[in-house]
Structure formats: structure tokens, C-alpha cells
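Here are my notes on this model, point by point. Please read them with the coordinates open.

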Number of protein chains: 2
Amino acid sequence: MAVNAGQAPAGVPDPPSGKRLPAAERRRQLIGIGLQLLTERPLGEITVEEVSRRAGISRGLLFNYFPTRRDYHLAIIRAAMRRMSRIAEPPEEVAEDMRVKVVIERFVAFLERRRDPYVAIIRGVAGGDAEVAEIYAESRNLLVGVVLRALGRRPTPALELLVAGWLGFVEETVLTWVNRPVMPRHELVRLLERALLAIVERRTAPRDLPNGPAA
Amino acid sequence: MAVNAGQAPAGVPDPPSGKRLPAAERRRQLIGIGLQLLTERPLGEITVEEVSRRAGISRGLLFNYFPTRRDYHLAIIRAAMRRMSRIAEPPEEVAEDMRVKVVIERFVAFLERRRDPYVAIIRGVAGGDAEVAEIYAESRNLLVGVVLRALGRRPTPALELLVAGWLGFVEETVLTWVNRPVMPRHELVRLLERALLAIVERRTAPRDLPNGPAA
DNA sequence: ATGCCTTGTTGAGCAGTGCTCAACGGAGCA
DNA sequence: TGCTCCGTTGAGCACTGCTCAACAAGGCAT
């Protein structure tokens, strides 16, 4: 409310922002502001008023770039998800047998650092919102692919289901652990890896041989 | 919007609702309406206007019972969570070695039936919202207790962490499975149980004997 | 330069929503 | 008959999402 207590229309824009930016750049600026604000509070509390004030533009202009507040929020979520996938993305030059561990470590680190905005996205808007759920599912599929590749396993529907579930396990575990670190970090990572291996162990189909066919 | 298209102040109240209910009953009625609406859309889209219209009262009256819209929402969440815990609650007369399976089956059934409202609660409001997160954590701890009791294991911080994580695993798995049932139901339950047993297997502390102390 | 056109930008203003508050009125009781 | 709770009302304020007609700053042809 009384952030800078300025009644002047200047209102302390975040970048001095001469004026009349090219469309693409203004879009990026607005999304950037949204991402920044998202680290402080949930999407639902990010008002058009504040965003436009920070951008140094009028409220009306925002609706020239995003037809609705909802669309603006979707754009922010998309950007945040892209960022997350990129961060957890494969380590490349890491040795085969260490990939899983590295992926987990990166994901844990990400959840640790960006806990609030992540929670704000994942748990903050997805409810009953088809489009957001779709964006979330899309990004989660990306992560599933990353994990499967790190595991060196070919994707099958059942395996994808298991890994997706494991991601939920990681989310919940890490988020709980952050609030109450009942064990050192490396142990948590080991635990997550053990769980993953146990969950995707080769014998999900009960009618096959217990050792799996042709290991 | 044009639900019943009535301009008359009567507005089709849900129960004919004579008038002047005792306070406690009115509270229950309002929360009940909220729970019902929650099955149709996320909390954020449940407006005071609609609730009061359905209750056949004025908008102002709602604020006599809940000082703020947020408080009203919190009350709804609390009620929904209580309901959920009660449903998954221990089966009592079930044989020891079947308890885990039964709990899982009940939880899966719950997620299947009330998928939308559950998602609307769990993922719908928790973001960046300390109080909601607390309610959620509280209710999740209840479930952790249920599972641990079904397992016949004494609660320790590490075990609680694991089971909480497993609940996340169940959530994610079941919710994904509902959209794309890549395996029959009983197999999913079996899978969830296997995952739980694998996750809480007795050797979480790496410095102890691999068999655990004094099994 | 001059006028024109594209296009980013504005600001007043409407509608809807959360919330407040002074006043109302029916039920019970002396 | 009058008094007093207490559940209830409804006007109204502040704020926010959103619209729209008008504006102004370059670039382009003349």
C-alpha cells in the first residue's frame, strides 16, 4: 500500500524505463517483474496495479500484452516452469552411474533455493485450473524424461507413472525436510535415490518372472 | 453467472431457510455450502456474493461469522481436511497384515471420488499461505499417523519424513493414474504398497547395521 | 520540412467484489 | 406494554480487473 507513498505519477519504476519499448521487450519486462514478485508472494496477490507501477506504465497497457490477468499469470507460470526444467536439465558430461544422483542433487538444490515460488506455482494455482494443470503436467513430463534418461531406461507408460509419482515423493519429502531437517543433506539425497531405485525396480508386471525378462 | 437468472432477492436459497438461525447452525450451513461449491470450482472463485445468495442471507451477514473471506476459506479447508482424515481413518477390525492395503485402498478411493475438490484444496491455495500450509501439514500428519499405525511402526522423525513423502508419491501417482489408467486398479494399489514398504524398509540409518538394531 | 500512418501508450471510467457500519426487527421476558 | 438481546439487513466505501476512445512518438513517402 504505502510502499513509496508517492502520489506523483512517476511512482518509482523499477527500471527507469524511458518509454515506448518494442512490444517483445515490454512483454519480457512484465514477465520478469512477475517472476520477481512471485518470489515474494503467491500469484493471486500479484495485482495489475503493482506490476504496472513497477514497470512504470499504466494499468491499461498491461492488458494490451495479456488479454486478461489470468493470461498474464499463465505466462509467468510458463516462464517459471521453463526455468525450472532448464535448471534440473541433464548434467551432460557426468558419468553414467552418477547421473541419477546429480539430477537429484540439482532438483533438491532447486527446491531448497526457490522453495517459495515453486510452492507458489505447484501448489498455488493448480487447483481446478485446467490450463495451469496442463502447464504443470507438461513441465513434469519434461522432468520425468530427464530422470528416465539419467536412469538409462526406455519410457513406458507404467514407468512414467512411477517416476512421476516419485517426483511427488521428492517434492513432499524435500519440502518437509526443509522445514525440519531431521537428517543431513547428503543422506536425504541418498534416501531419495534409494527410493527411486526401489520404486522403478524391474518387476512391476506381476505376471512376469520376478527377475524380469532377459536382464 | 446466470445460474437461476433471478433478480428477485429471494434468489433460490439452497434450503428454504426460514430465517434467524441460531449462530452455530448458520455457521455450519455456510461451511456446508462452501464444501459443496468446492466440488465445482477452486476456493478462489467462491465469492461471498454467491454463498450468501445460496444461503438466502445478505452478504454482510457472512462477515458476522467469518471476520474475513480468508477466514471463511480457512474454515472450509479445515472442514474438508477433517472429512478426508476421517475417511482414510483406520479400518479398526481389519486384520493386522491387511491394514496397510486397506488404508491405501481407502485413500485411493477417496482421491478417485473427490479428485477435484481435493486438488482444489491441496494444490489450490497452499501456495505462500502460511496458515493454509499449516492446516495442510496438520492434516497430513494425521494421515502419517494412520499409515504408521497400519504399518505397526513407532514414529520417528525420519520415518515420518519418509511416510509424508510417500503420501506425496501416492497423490501424484493416483492423480496421474486417474487421467491415464495405464494399469488396473488393484495393480496400482499393489504398486503403492510395494513402494511404501520399500521406502520405509528398515535400514535408513547408514551407520547402523544393515539389518537394523535388534529387530 | 510536412503530412500520414503505424503502434505503443494513456487515463477516465465501469462493473464486480471484499468489507464496514449504523440501524432494524422478531423472540423472549419482566 | 415495553425492554433487551442478537441475528439480520442494505447502503455504501475502497479497490481491482478490464474497456475504450483518444493521444503521441517515431519512421516513411512526398
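This is a predicted model: local features need pLDDT of at least 70, side-chain atom pairs count only at pLDDT 80 or more; totals for chains, interfaces and linings use all residues.

1. The largest nonpolar core holds 125 residues. Among its members, A:Trp166, A:Leu192, B:Trp166 and B:Leu192 have the most contacts inside it.

2. Now the helix packing in chain B. Helix α1(B), residues 23-38, packs on helix α4(B), residues 69-88, at an angle of about 75°. Their axes are 9 Å apart. Angles of 65 to 115 degrees count as roughly perpendicular, so α1(B) is roughly perpendicular to α4(B).

3. Which residues of α1(B) and α4(B) meet? From α1(B) come B:Arg27, B:Leu30, B:Ile31, B:Ile33, B:Gly34, B:Leu35 and B:Leu38. From α4(B) come B:Tyr72, B:Ala75, B:Ile76, B:Ala79, B:Ala80 and B:Arg83. By class, that contact has 10 nonpolar, one polar and two charged residues.

4. Turn to the charges. Side chains of opposite charge can pair when their charged atoms come close. Over all chains, the whole structure has 14 salt bridges.

5. One salt bridge links A:Arg41 to A:Glu50, with the closest N and O atoms 2.6 Å apart. Are these two residues buried or exposed? Both A:Arg41 and A:Glu50 are buried. They also belong to a network of salt bridges that links A:Glu40, A:Arg41, A:Glu50 and A:Arg54.

6. Check the pair between B:Arg180 and A:Glu160. Their side chains form a salt bridge at 3.3 Å, N to O. B:Arg180 lies in the loop between α8 (157-179) and α9 (185-199) of chain B, while A:Glu160 is in helix α8 (residues 157-179) of chain A, so the pair joins two chains. B:Arg180 is partly exposed, at a relative accessible area of 45%. A:Glu160 is partly exposed too, at 27%.

7. Look next at A:Arg180 and B:Glu160. They form a salt bridge whose closest N and O atoms are 3.2 Å apart. This pair crosses between chains, from the loop between α8 and α9 (185-199) of chain A to helix α8 of chain B. A:Arg180 counts as partly exposed at 44% relative accessibility. B:Glu160 counts as partly exposed at 27%.

Note on methods. Residues are numbered from 1 along each chain as its sequence is written. Chains are lettered from A and ligands numbered from 1 in the order in which they are written. Side-chain values use heavy atoms; hydrogens and water are left out. Axes are lines fitted to C-alpha atoms, for helices over the stretch in contact, and angles run from 0 to 180 degrees between N-to-C directions. Helices (H or I, at least four residues) and strands (E, at least two) are DSSP runs, numbered from the N terminus. Angles under 35 degrees count as roughly parallel, over 145 as roughly antiparallel, 65 to 115 as roughly perpendicular and the rest as oblique. Contact means heavy atoms within 4.5 Å. Ala, Val, Leu, Ile, Met, Phe, Trp, Tyr, Cys and Pro count as nonpolar, Asp, Glu, Lys and Arg as charged, and the others, Gly among them, as polar. A nonpolar core is a set of buried Ala, Val, Leu, Ile, Met, Phe, Trp, Tyr and Cys residues joined through side-chain atoms within 4.5 Å. Buried means under 20% relative accessible area, exposed over 50%, partly exposed in between (1.4 Å probe, protein chains only). A salt bridge is a side-chain nitrogen of Lys or Arg within 4 Å of a carboxyl oxygen of Asp or Glu.
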